[in-house]
Amino acid sequence: MRSRFTAFVLKLEDYLRASWHDSTRPTALDLHHSPDWASLRILDSDENGNTGHVHFQAIYRLNPGWGYLQERSHFVRENGRWYYLEGQPHEGVLKPGRNEPCPCGCGRKFKACEGPK
Ligand SMILES: [Zn+2]
């Protein structure tokens with residue numbers, strides 16, 4: 001999951017396609033218009049045999065502010081490898097509280113971040 005997020009950030013289309021289950025893999029993936037990703041939060045995950053779920057929130061920069069894409073992704077394991085199967089993403093505007101983790105990924109509380117707001 002984290003490796004797929006990293007791949008989205010770095011626009012590694014080949015990696016994303018390779019880790020996508022062949023039953024749902026898009027024929028083409030254009031990441032040129034993808035958001036300016038900032039950080040990733042894993043909200044919940046579970047694994048049961050060869051099926052797993054990862055509920056995550058991926059945060060991106062808006063100008064100004066922050067947006068998020070949240071999804072409970074379904075993964076399947078085949079021959080020892082995990083593949084992304086499907087998920088229903090929804091997006092919104094993130095309004096972080098002062099004491100919440102900073103969305104920029106700096107690891108500080110939002111109020112303590114020294115980066116651009
Ligand atoms: Zn920050």
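V54 touches M1, I42, S45, S73 and F75, leaving aside residues up to four places away in sequence; contact here requires C-beta atoms, placed from the backbone, within 7 Å. The model is a predicted one, in which local features need pLDDT of at least 70, side-chain atom pairs count only at pLDDT 80 or more, and totals for chains, interfaces and linings use all residues. Residues are numbered from 1 along each chain as its sequence is written.

**Core**
- V54 belongs to the largest nonpolar core, whose eight residues are A38, V54, F56, A58, I59, W66, Y68 and F75.
- A nonpolar core is a set of buried Ala, Val, Leu, Ile, Met, Phe, Trp, Tyr and Cys residues joined through C-beta atoms within 7 Å.
- In soluble globular proteins, nonpolar side chains tend to be buried together.

**Overall fold**
- The protein chain has two helices and five strands, in the order α-α-β-β-β-β-β from the N terminus.
- Helices (H or I, at least four residues) and strands (E, at least two) are DSSP runs, numbered from the N terminus.
- The C-alpha trace spans about 45 × 30 × 20 Å along its principal axes.
- Of the 117 residues in the protein chain, 11% are buried (20 or more other C-beta atoms within 10 Å of the residue's own; 12 or fewer is exposed, in between is partly exposed; C-beta atoms are placed from the backbone).
- Among contacts with a separation of 6 or more, 34% join residues 24 or more positions apart.

**Strand pairing**
- β1 (residues 36–48) pairs with β2 in the antiparallel sense over 11 bridges; pairing requires at least two bridges found by DSSP.
- W37 stands opposite Y60 in β2.
- β1 and β2 form a hairpin with two residues between them, and G49 in the turn has a positive phi of about 65 degrees.

**P103**
- P103 lies in the segment after β5 (90–94).
- P103 counts as buried because it has 23 C-beta neighbours inside 10 Å.
- Apart from residues up to four places away in sequence, P103 touches A38, S39, I59, W66, L94 and P96.
- P103 and E114 are 11 residues apart along the chain, with their C-alpha atoms separated by 12 Å.

**L12**
- L12 sits in the loop between α1 (2–10) and α2 (13–18).
- L12 is partly exposed, since 17 other C-beta atoms lie within 10 Å.
- From L12 to F56 is 44 residues in sequence and 19 Å in space, C-alpha to C-alpha.

Methods: Two residues are in contact if their C-beta atoms, placed from the backbone, lie within 7 Å.
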